[in-house]
Amino acid sequence: MLRARTNGAIDLLDSEHVRKIAAYPAKMLLSASRFATFSDCDDVLNFNPGIIARLMGRTGENSLVNLLTPPIPAERNWRLAMWLRNILWWDGQYHEISPLDDAHLPLGGVARLVVPTPGGAPVVLAIKAGHNAENHNQNDVGSFILHVDGETFLTDPGRGLYTRQYFGPERYQNIFANSYGHSVPRIGGQLQHGGREFCGELLNIELGGPVKRAEVELARAYTVPELASLRRQVTLARKASMRAQSGCKILFAFRKPRSAHTPRR
């Protein structure tokens with residue numbers, strides 16, 4: 001409305017910063033309408049096509065076309081405003097999903113690694129660092145997802161049932177919100193703690209080649225004084241034999257007197 005009122009003199013969407021924000025859902029995509037379920041995200045999501053088409057046109061972020069894949073349930077767009085946006089902004093065309101690329105979100109601490117199988121089916125591995133005070137937070141620093149050709153084999157649980165307790169002081173007693181419900185270890189018998197200071201760091205990112213790697217340092221997500229380092233390494237590779245392979249390992253390092261460096265696959 002501001003852009004229309006000023007005849008284009010003021011356009012808040014015309015910036016590289018906003019284009020990067022707009023690209024976020026496309027970078028979290030695993031396959032058509034299927035998304036990485038970090039924090040309180042659902043596995044299957046559909047967006048209003050009118051809004052997506054308009055945002056794609058205004059920001060130039062063409063990766064959003066992957067959100068215009070069928071089916072888009074009509075019941076999600078029953079409001080008059082949604083129907084009007086579809087009529088005015090969307091041409092009514094669905095699109096087949098384009099091949100996914102590797103993605104890295106440095107501020108959110110998320111990486112998406114992609115390789116094809118010999119038959120061309122995408123193998124997608126997503127991993128998260130971040131911190132444990134995010135919007136709709138779950139204590140999930142170091143969580144990862146393995147998704148192959150539209151099916152998730154190793155998952156993050158996503159959101160729990162929305163109740164008063166889920167958004168109250170008992171939130172982290174819920175298995176969906178605490179780290180017990182995620183593919184992350186107990187250290188010294190402890191789960192991860194909630195709070196911005198309990199965080200991870202995405203390190204050693206290698207994307208774009210036949211072998212993709214990412215590493216998360218997550219020792220700060222725990223309150224274990226002896227724990228000097230705790231790293232999760234994930235690798236996704238397309239070997240010379242043309243077979244897609246994936247791997248994950250955890251490296252521990254304790255301060256004295258419990259000195260150890262024990263890899264575990």
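# Briefing: sheets, pockets and ring pairs in a predicted model

Strand E5 (residues 122–128) and strand E7 (residues 144–148) pair in the antiparallel sense, over 5 bridges. The structure is a predicted model, in which local features need pLDDT of at least 70, side-chain atom pairs count only at pLDDT 80 or more, and totals for chains, interfaces and linings use all residues. Residues are numbered from 1 along each chain as its sequence is written, and side-chain values use heavy atoms, with hydrogens and water left out. Helices (H or I, at least four residues) and strands (E, at least two) are DSSP runs numbered from the N terminus, and two strands pair if DSSP finds at least two bridges between them.

**The open sheet**

- Val 124 has His 147 in E7 as its bridge partner.
- E5 and E7 belong to an open sheet of 5 strands in the order E3-E4-E5-E7-E8, with antiparallel pairing.
- At the edges of this sheet are strand E3 (103–105) and strand E8 (151–154), each of which pairs on one side only.
- Neighbouring strands of the sheet are turned by 20° against each other on average, direction ignored; axes are lines fitted to C-alpha atoms, for helices over the stretch in contact, and angles run from 0 to 180 degrees between N-to-C directions.

- E10 pairs with E11 in the antiparallel sense over 4 bridges, and Leu 202 stands opposite Val 216 in E11.
- The two strands E10 and E11 form a hairpin with 4 residues between them, and Gly 208 in the turn has a positive phi of about 90°.
- E11 is also joined by 7 bridges to strand E12 (residues 227–238), and the two run antiparallel; here Val 211 stands opposite Ala 237 in E12.
- Strand E11 (residues 211–217) has 5 of its 7 residues buried, so it is largely enclosed by the rest of the structure. Buried means under 20% relative accessible area, exposed means over 50%, and partly exposed lies in between (1.4 Å probe, protein chains only).

**Pockets**

- Pockets and cavities are found on a 1 Å grid over the protein atoms alone: a cavity is a set of points where a 1.4 Å probe fits but cannot get out, a pocket is an open set with protein on both sides within 12 Å along at least five of seven lines, and lining residues have an atom within 4 Å of a point. Grid points are joined across faces, edges and corners, and a volume is the space filled by probe spheres set on the points.
- The volume of the largest pocket is about 840 Å³. Of its 33 lining residues, Tyr 24, Leu 105, Leu 107, Gly 108 and Gly 109 are the closest to its centre.
- Two or more lining residues of the largest pocket come from each of helix H2 (16–22), helix H3 (24–27), E3, strand E9 (195–199) and strand E10 (201–206); H2 gives the most, with 4 residues.
- By class, the lining of the largest pocket has 17 nonpolar, 9 polar and 7 charged residues. Ala, Val, Leu, Ile, Met, Phe, Trp, Tyr, Cys and Pro count as nonpolar, Asp, Glu, Lys and Arg as charged, and the others, Gly among them, as polar.
- The second largest pocket holds about 330 Å³ of space. Its lining has 13 residues, with Met 1, Arg 3, Leu 13, Arg 54 and Arg 58 nearest its centre.
- Helix H1 (2–5) and helix H4 (49–59) are the elements that give two or more residues to the lining of the second largest pocket, and H4 gives the most, with 4 residues.
- The lining of the second largest pocket divides into 9 nonpolar, no polar and 4 charged residues.

**Cavities**

- The whole structure has 2 cavities of 30 Å³ or more, and about 40 Å³ of space lies in the largest cavity.
- Residues lining the largest cavity include Leu 29, Phe 35, Asn 46 and Thr 69; by class, this lining has 5 nonpolar, 4 polar and no charged residues.

**Aromatic pairs**

- The whole structure contains 5 aromatic pairs. Rings of Phe, Tyr and Trp (its six-membered ring) pair if their centres lie within 6.5 Å; planes under 30 degrees apart count as stacked, over 60 as edge-to-face and the rest as tilted.
- Trp 90 and Tyr 94 have ring centres 5.5 Å apart and planes at 70°, so the pair is edge-to-face.
- Trp 90 is buried, with a relative accessible area of 16%, whereas Tyr 94 is partly exposed at 39%.
- Tyr 162, Tyr 166 and Phe 167 are linked into a cluster by ring pairs.
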